[in-house]
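This briefing is meant for a reader who is meeting the structure for the first time. Please keep the sequence and the three-dimensional view at hand while going through the points that follow.

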Amino acid sequence: MSLDSTPSAARAGSQLLPPSPVAAVSRGAGGAKPTPAEVASLVVATSVSKRRRSGTHLVPQSGVVGTFARPPVPARAKGSATAKPMKARPKAHSLGPRGTKNKNKSTAVPPAATAPASQGGDIANCAPNVLDDGSRIAQSAIRSAAGGGGNGNGRRREGTVDVVAFVAVLHDAKTADDVKFLAQDFLGGGGDDEERLPVQVYTSLIRGLGKKQRIDAAFAIVEHLKRRGGSSLNQFVYNCLLGAVKNSGEFTRIEDVLADMEEQGISPNIVTFNTLMSVYVEQGKIEEVFRVYHEDIQGRGLVPTAATYSTVMSAFKSAGDAFAALDFFVKLRERYNNGELIGNPADWEPEFVKYENLALRVCHMAMRRSLAGANNPGGAALKVILSMDEARVRPDRRYYERLVWACTGEEHYTIAKELYQRIRECDGEISLSVCNHLIWLMGKAKKWWAALEIYEDLLEKGPKPNNLSYELIMSHFNILLNAARRRGIWRWGVRLLDKMEEKGLNPGCREWNAVLLACSRAAETSAAVNIFKRMINQGLKPDVVSYGALLSALEKGGLYDEALRVWEHMRKVGIHPNLHAYTILVSIYIGKGNHDMVDGVLQDMLSANIEPTVVTFNAIISACVRSSKGSAAFEWFHKMKMKSIEPNEITYQMLIEALVQDGKPKVAYEMYITACNKGLNLSAKSYDTVMEACQGYGALIDLASLGLRPIVKLDPPR
């Protein structure tokens with residue numbers, strides 16, 4: 001009698017449940033010893049009745065140990081001549097990791113208590129493993145009747161089979177004959193024991209060999225099952241073989257498995273196609289995944305499982321197609337809301353949480369790829385975010401923060417600003433490191449006011465800025481102040497200082513000096529004096545740069561006496577002048593007409609180990625030009641050459657202007673030719689000055705030797 005059949009006792013199990021199945025087996029009919037088949041039938045009836053009351057179902061367990069009935073061996077009680085039924089303690093071995101504390105203990109499922117799932121039962125089908133109390137009772141009863149024993153080293157005392165050891169034995173099997181010979185030798189009970197092994201044992205062997213990447217042995221087991229005939233081959237066996245091929249990575253043998261299924265007349269089920277799609281995902285064959293889903297699953301009218309939809313979403317992730325993933329998720333959610341998905345709605349709720357997370361990961365990867373691209377990365381990422389809004393897929397704050405870290409270029413300014421606004425709208429919380437990164441990014445994109453807005457939010461909404469936040473925003477202000485200094489936009493510099501003080505930022509000497517230099521460049525004497533006073537009122541000590549900028553502003557304004565008083569105050573407070581300060585001082589003395597003091601200043605420079613440069617003499621010559629003293633300028637030009645200081649373009653330009661003022665157009669012409677022969681590029685103003693002077697004074701010179709008029713170089717707009 002087969003253990004898969006249900007006797008009449010099972011139908012009456014709900015009314016005639018024995019208090020103990022083991023006791024009922026030991027009593028038998030009329031006191032006679034029961035046969036193993038009777039034991040199995042009675043226990044199965046008891047287990048089925050209990051399952052009907054509890055509402056549980058029987059499905060195969062992954063990696064189980066198969067059992068089969070053997071002639072019963074009665075156990076004798078200690079000190080008694082009569083045999084008592086001994087309750088068996090289930091012991092078996094699973095495919096779990098070896099070397100654990102309970103490595104000799106696992107759940108053994110008897111063949112009669114396991115039935116294949118309706119669609120093949122595989123991990124890809126997401127079928128749970130259920131073992132209730134009834135199945136454990138059935139195991140104990142059958143093992144008591146089986147008794148155990150035998151000469152094979154693979155069979156345990158209770159009649160179970162050590163699958164892990166069995167896998168090791170079949171490790172190098174290549175053919176069906178190898179499998180049969182090794183199985184008989186392992187079981188030690190002859191060919192009958194091997195033939196009575198349930199299919200569940202072989203499927204566990206196939207999975208175990210697949211994990212060890214011994215795919216040839218797995219194929220040999222399937223060939224062996226073909227020889228057994230009957231119902232040995234089914235969808236469950238081939239699904240396990242597909243899983244083994246997937247684990248081994250030998251994807252080229254997938255077609256062999258499918259062809260063999262077709263040859264054996266076994267139709268693929270949803271688990272088969274789920275495994276096939278997952279293999280295509282690992283291979284990167286995304287188009288094949290969608291073909292299997294649309295043609296094989298939907299075309300055959302199969303009912304997709306949760307694993308089916310997860311695999312399709314994984315394919316979208318590999319393809320990086322965020323828009324298609326969102327569209328698929330929206331349609332699937334509509335089907336769920338309309339009750340079109342088969343199954344318990346409560347079971348689908350956690351699955352949809354997974355699907356939404358998969359959709360978010362697909363969008364995240366798509367946006368990161370677009371940010372790393374070169375063609376409008378910010379716009380492409382922004383389109384994905386807007387599509388997520390339309391699909392009502394709303395990520396959390398940490399999701400947006402991870403995207404912010406991917407924004408590192410100037411072109412990411414737009415998307416970074418959008419992400420910042422969304423983070424603030426989520427729950428008001430934001431990481432300070434993210435804010436600092438955004439402040440840095442805004443500065444890199446030259447969006448300094450946007451960076452200042454983020455800093456203002458830190459002050460008003462939190463989190464409290466740290467030293468890095470302060471240094472970043474100060475560096476942005478310094479960039480703006482330096483731009484104002486270079487262009488002489490002193491009013492803008494003053495507004496920046498006011499803005500810094502308004503936001504609690506304390507400008508230092510560096511920031512105040514930038515505004516002072518802007519005033520000096522613009523020749524704004526009164527503004528420079530006011531800034532200098534404000535700087536002192538803030539408790540800051542002016543340095544040599546501060547005094548130099550103030551001296552330059554006073555010199556350009558013609559306030560020579562005030563400039564000399566500032567010089568004396570600078571020396572009094574112990575600040576040693578630098579080259580720039582000495583250069584301004586000689587310009588002041590030239591402006592006052594005190595040329596004798598200039599030689600004294602140059603001697604002081606040498607005493608302070610400061611060598612005059614071309615800049616110093618250019619300042620002297622320029623001061624002579626402003627004072628209409630061309631002869632003095634020409635004299636200082638010769639002194640400059642005597643000190644072996646090479647003149648530059650500015651030197652010749654100012655000298656030509658001084659000579660023309662002094663009525664010496666021919667000498668000016670010679671200076672222009674000398675500069676051109678040295679490879680210096682003089683301005684168009686110098687060319688026009690020489691040309692007009694020679695024509696005005698009627699000098700007899702070859703004007704054609706001047707060459708073409710230089711191209712006018714326009715100053716950049718301020």
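Among contacts in the chain between residues at least 6 apart in sequence, what percentage join residues at least 24 apart? The figure is 68%, and it is computed, like the other values here, from a predicted model. The chain has 34 helices and 0 strands, and buried residues account for 48% of its 718 residues.

**Aromatic rings and charges over them**

- The count of aromatic pairs in the structure comes to 18, and one of these pairs is formed by Y309 and Y355, which is edge-to-face because the ring centres lie 6.1 Å apart and the ring planes stand at 80°, where the cut-off for edge-to-face is over 60 degrees.
- This pair links distant parts of the chain, since Y309 belongs to helix 14 (residues 306-319) while Y355 belongs to helix 16 (residues 345-372), and 46 residues separate the two.
- Y309 and Y355 are both buried, and both of them also belong to one aromatic cluster, whose other members are F290, Y293, F316, F328, F329, Y336, W348 and F352.
- Charged side chains are placed over rings as well: R253 lies over the face of F219, at 4.1 Å from the ring centre, and K447 lies over the face of Y413, at 5.1 Å from the ring centre.

**The largest pocket**

- The volume of the largest pocket is about 780 Å³, and among the 21 residues that line this pocket, those closest to its centre are R521, S552, K556, S622 and R626.
- Two or more lining residues of the largest pocket come from each of helix 22 (467-487), helix 24 (509-521), helix 26 (544-556), helix 28 (579-592), helix 30 (614-626) and helix 32.
- Helix 30 provides the largest share of this lining, with 5 residues.

**Cavities**

- Rolling a probe the size of a water molecule over the atoms shows where empty space is left.
- The structure contains 5 cavities of 30 Å³ or more, and the second largest cavity holds about 40 Å³ of space.
- The residues lining the second largest cavity are W448, W449, L452, I473, H476, F477 and L480.
- At least two residues of that lining come from helix 21 (448-460) and at least two from helix 22, with helix 22 giving the largest share, 4 residues.

**A buried threonine and a partly exposed serine**

- T651 sits in helix 32 (residues 649-661), and this threonine counts as buried because its relative accessible area is 1%, which falls under the 20% cut-off.
- The side chains of T651 and N648 are joined by a polar contact of 2.8 Å.
- When neighbours within four places in sequence are left aside, the residues in contact with T651 are V614, N618, I621, F637 and M640.
- S267, by contrast in its setting, is placed in the loop between helix 11 (254-263) and helix 12 (270-283), and this serine is partly exposed, with a relative accessible area of 47%.
- Between S267 and N234 there are 33 residues of separation in sequence, while their C-alpha atoms are 9.1 Å apart in space.
- With neighbours within four places in sequence again left aside, S267 is in contact with Q235 and M261.

**Backbone features in loops**

- G462 and P463 are joined by a cis peptide bond with omega of about -5°, and P463 is located in the loop between helix 21 and helix 22.
- A523 is not a glycine, yet its phi is positive, at about 60°; this alanine is found in the loop between helix 24 and helix 25 (525-537), where A523 is partly exposed, with a relative accessible area of 37%.
- N609, another residue other than glycine, has a positive phi near 60°, and its place is in the loop between helix 29 (595-607) and helix 30.
- Is N609 buried or exposed? N609 counts as exposed because its relative accessibility is 73%, and the cut-off for exposed is over 50%.

Conventions. Residues numbered from 1 in each chain as written. Predicted model: local features only at pLDDT ≥ 70, side-chain atom pairs only at ≥ 80, totals over all residues. Heavy atoms only, no water. Phe/Tyr/Trp six-rings, centres within 6.5 Å; stacked < 30°, edge-to-face > 60°. Buried < 20%, exposed > 50% of the residue type's maximum accessible area, 1.4 Å probe, protein only. Lys NZ or Arg CZ within 6 Å of the ring centre and 35° of its normal. Polar contact = N/O pair within 3.5 Å; in protein donor to acceptor, adjacent residues only side chain to side chain. Contact = heavy atoms within 4.5 Å. 1 Å grid on protein atoms, 1.4 Å probe; cavity = no way out; pocket = protein on both sides within 12 Å on 5 of 7 lines; lining within 4 Å. Points joined across faces, edges and corners; volume = space filled by probe spheres on them.
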